[in-house]
Amino acid sequence: MRCGIYVRVSTDDQRDNGYSIASQLQMIKQYCEKSNYDIVDVYNDAGHSGKDLMRPEMQRLLKDIKSHKIEVIVAIKVDRLTRNNYDGFWILNYCEEHDVKIELILEPYDVYTANGEMIFGMNLVFG
């Protein structure tokens, strides 16, 4: 599968005490290798808040989803994609509409089941 990797940190504290860009990339690349995914591109919004989708690399990712450049997005957690409930469900629906899967390696549930969608929503709230 053609894979797009999405990584983000918004603060120095997240970078230093959370999941740095380097550690996110390392985890995701190992996951993609085990899953036999072909990494097409890396979308890196370092320094941008997850409060909305108006981030340069998120906008590029959305265009690549629409053009079918990728078949799966891999991130470590939903809060790397967004911290906004509305935007989270918008992304989920947008991906479904364009036949793109979302895989969150530290939140390993199927977002396309009723239970998975509920957990996705709860993780958005707590993110």
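Are aspartate 79 and arginine 80 buried or exposed? Both are buried, where buried stands for under 20% relative accessible area, exposed for over 50%, and partly exposed for anything in between (1.4 Å probe, protein chains only). The model is a predicted one, so to speak of local features takes a pLDDT of at least 70 and side-chain atom pairs count only at pLDDT 80 or more, while totals for chains, interfaces and linings use all residues. Residues are numbered from 1 along each chain as its sequence is written, and side-chain values rest on heavy atoms, with hydrogens and water left out.

Back to that pair: the side chains of aspartate 79 and arginine 80 meet in a salt bridge, 3.0 Å from N to O. The term covers a side-chain nitrogen of Lys or Arg within 4 Å of a carboxyl oxygen of Asp or Glu. Aspartate 79, at 10% relative accessibility, also has a salt bridge with lysine 77, with 3.8 Å between the closest N and O atoms. Lysine 77 is partly exposed, at 24%. Searching the whole structure turns up 11 salt bridges. In general, side chains of opposite charge can pair when their charged atoms come close.

Next comes the sheet. Helices (H or I, at least four residues) and strands (E, at least two) are DSSP runs, numbered from the N terminus. β1 and β2 pair in the parallel sense over 6 bridges, and valine 7 has asparagine 44 in β2 as its bridge partner.

Within α3 (residues 56-66), the buried residues include Glu57, Met58, Leu61, Leu62, Asp64 and Ile65. They span an arc of only 165° around the axis, which puts them on the same side of α3; the arc is taken from the directions from the helix axis to the C-beta atoms. Lys63 and Lys66, on the other side, are exposed. Among the elements covering the buried residues are β1 (2-7), β2 (38-44), β3 (72-75), α4 (78-81) and α5 (85-97), contact being heavy atoms within 4.5 Å. Just after α3, histidine 68 has a positive phi of about 65°.

Aspartate 64 and arginine 60 form a salt bridge, their closest N and O atoms 4.0 Å apart. Both sit in α3, 4 residues apart, or about one turn of the helix. Aspartate 64 is buried at 11% relative accessible area, whereas arginine 60 is partly exposed at 27%.

Glycine 121 is buried, with a relative accessible area of 13%. Neighbours within four places in sequence aside, glycine 121 is in contact with Asn85 and Phe89. The C-alpha atoms of glycine 121 and asparagine 85 are 6.9 Å apart, although 36 residues separate them along the chain.

Definitions and conventions. Two strands pair if DSSP finds at least two bridges between them.
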